[in-house]
Amino acid sequence: MSTASGSLAVLRERYGERYRWLLLLSVMVGTMASIMSSTIVNVAIPDMSHYFALGQERAQWVTSGFMVATTVSMLTTPWLLSRYGYRATYVGAMLLLLIGGVGGGLARDFGLVLAARVAEGLAAGVVQPIPAVIILYAFQPHEQGRASGIFGMGVVLAPAIGPSMGGLLVDWFGWRSIFFMVVPLCLASIWLAYRFVPVTAPGGVEANRQGQALDWRGLLLGTVGTLCLLNGLVSLHGGSHVEAVGLLMGAVVAVACFIAWQRRLLRTGRKPLMDLRLFQYRQFAMGSVVAFIYGTALFGSTYLLPVFMQLGLELSASHVGTLMLPAGFVLAATIAMVGRLADRQPTHLLVSTGLGLLALSFGLMVFVGLGSSLWMLVGFAILGRIGLGFILPSLNLGSMRPLDKSLISQGSSAIGFLRMLGGAAGVSLCGIVLEWRLGAHGASLTAGASNPARIAAFGETFLMLTFLCGLALVAAWQLREARADRQQAYLVLMLEGGCAH
């Protein structure tokens, strides 16, 4: 297909009003694949650890390596979209995700498994900011909440169904089988991309292959800062305190250098990796704080919960997946409902409600023990997923609606980067706190029999996540719009409603 026949204008003319929904469906399939690849491996970590004789710290890098790669590659999405356009960027990422899935399933060495996870993470990081850009460009303000809800409902079905299917596959065919689950989704997404995803860049402009080069220095500083932060967190408990302080100081220096370099690029008229003008918008700045803390709690718990159920409560991988399945369907239904509310209700109220429910679900995990009913565990998981359902469609909209159109791609990338950075830190933080509390209780994850001390250590780690959600609540309240902004938004909706009639 030629560039002209694949342009945004031609595709809109060909498919009419339904085109924006077909475009959203196309990127939804790829996003489902990337999210499934991030979460499904968690149910296989115990079996993988046994196969490769890994300790807790090395096994954790199966998740952390993916998260680091995803976090860093998110910063490249605006540049890739402007230089290569939607289709080339999206298809390239899907091919990399496909290679990572097949490579991880066939690997015979842990180093190759880790390399495959990094490849999957790089692909996921490029893909995940794209849907928010499409929603804010292709849909009117009064449709954006509904579009976010429908998109979110579809996307969360992947992690809802994935762990259940993954648990069964691990029990029946071994841990390798879970890597191949992304293959059909990747193939479907590539086929859809060549039909519905435009070759043009955001805003319908032509991709500029001769544009400015990628800010490699900024990308290197971001990578160094991320790696220093995560390794410093791990060293705080399991390594030398001198090493931990050195690494954390290195992270601070890298971040300071990154900010100074981005400012210099802006002053000289060059394109920075992260446009710091974003943070002049109060709602975006507060949304970024929420995204970081929320990412820490969300991804930390995604790592912690399956480990707790398998090593704390001694449930099988397939049992864990089955218990999480109802919560996944509740999450999908909640997102669809809240997406519609986000078009009419203040987003700060929706985000704050979600954070409160998420905090409550973590706090209630303290009461789960070996004698607890499994329905209690399912109920607490459902409560947490209802909270997520309030946050997911609302946070990006509340943070990015005030942005100038020219900053939307940068905003989606930046807020995704901060959420994933928090997530990568959260996985490490949960591992650190869990090891600390296990040591304090004289327990171990490798002990042969379950004991109350081990479960108490898990409970105290969940309390740490409760505290983090409480901190995010403070920032979430700052997402509220000023009165003038609300009046202007109301006027726009009224005018659009009048034009529609």
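This is a predicted model: local features need pLDDT of at least 70, side-chain atom pairs count only at pLDDT 80 or more; totals for chains, interfaces and linings use all residues.

Trainee: What makes the pairing of R20 and E17 a salt bridge?
Mentor: The N to O distance between the two side chains is 3.0 Å. The cut-off is 4 Å between a side-chain nitrogen of Lys or Arg and a carboxyl oxygen of Asp or Glu, so the pair qualifies. The structure holds five salt bridges.

Trainee: How do you know how R277 and D275 are to be classed?
Mentor: R277 has a relative accessibility of 39%, which falls between the two cut-offs, so R277 is partly exposed. D275 has 5%, under the 20% limit, and therefore counts as buried. The two side chains meet in a salt bridge, with 2.6 Å from N to O. Elsewhere, salt bridges that share partners join E17, R20 and E143 into one network.

Trainee: Why are E120 and R117 said to be separated by about one helical turn?
Mentor: Both lie in helix α6 (residues 110–127), and they are three residues apart, which is why that description is used. E120 and R117 are both buried.

Trainee: What makes S361 a buried residue?
Mentor: Its relative accessibility is 4%, and the limit is 20%, so S361 is buried. S361 lies in helix α14 (residues 347–364). Leaving aside neighbours within four places in sequence, S361 is in contact with F380, L383 and G384.

Trainee: Which residues does L247 contact beyond its neighbours within four places in sequence?
Mentor: They are C228, N231, G232 and S235. L247 itself lies in helix α11 (residues 241–267). L247 and N231 are 16 residues apart along the chain, and their C-alpha atoms are separated by 6.9 Å.

Trainee: How is the packing of helix α7 and helix α16 described?
Mentor: Helix α7 (residues 130–138) and helix α16 (residues 408–441) pack at about 145°, with axes 9 Å apart. The contact involves A132, V133, L136 and Y137 of α7, together with I408, S409 and S412 of α16. By class, this contact has five nonpolar, two polar and no charged residues.

How values were computed
Residues are numbered from 1 along each chain as its sequence is written. Side-chain values use heavy atoms; hydrogens and water are left out. Helices (H or I, at least four residues) and strands (E, at least two) are DSSP runs, numbered from the N terminus. Contact means heavy atoms within 4.5 Å. Buried means under 20% relative accessible area, exposed over 50%, partly exposed in between (1.4 Å probe, protein chains only). Axes are lines fitted to C-alpha atoms, for helices over the stretch in contact, and angles run from 0 to 180 degrees between N-to-C directions. Ala, Val, Leu, Ile, Met, Phe, Trp, Tyr, Cys and Pro count as nonpolar, Asp, Glu, Lys and Arg as charged, and the others, Gly among them, as polar.
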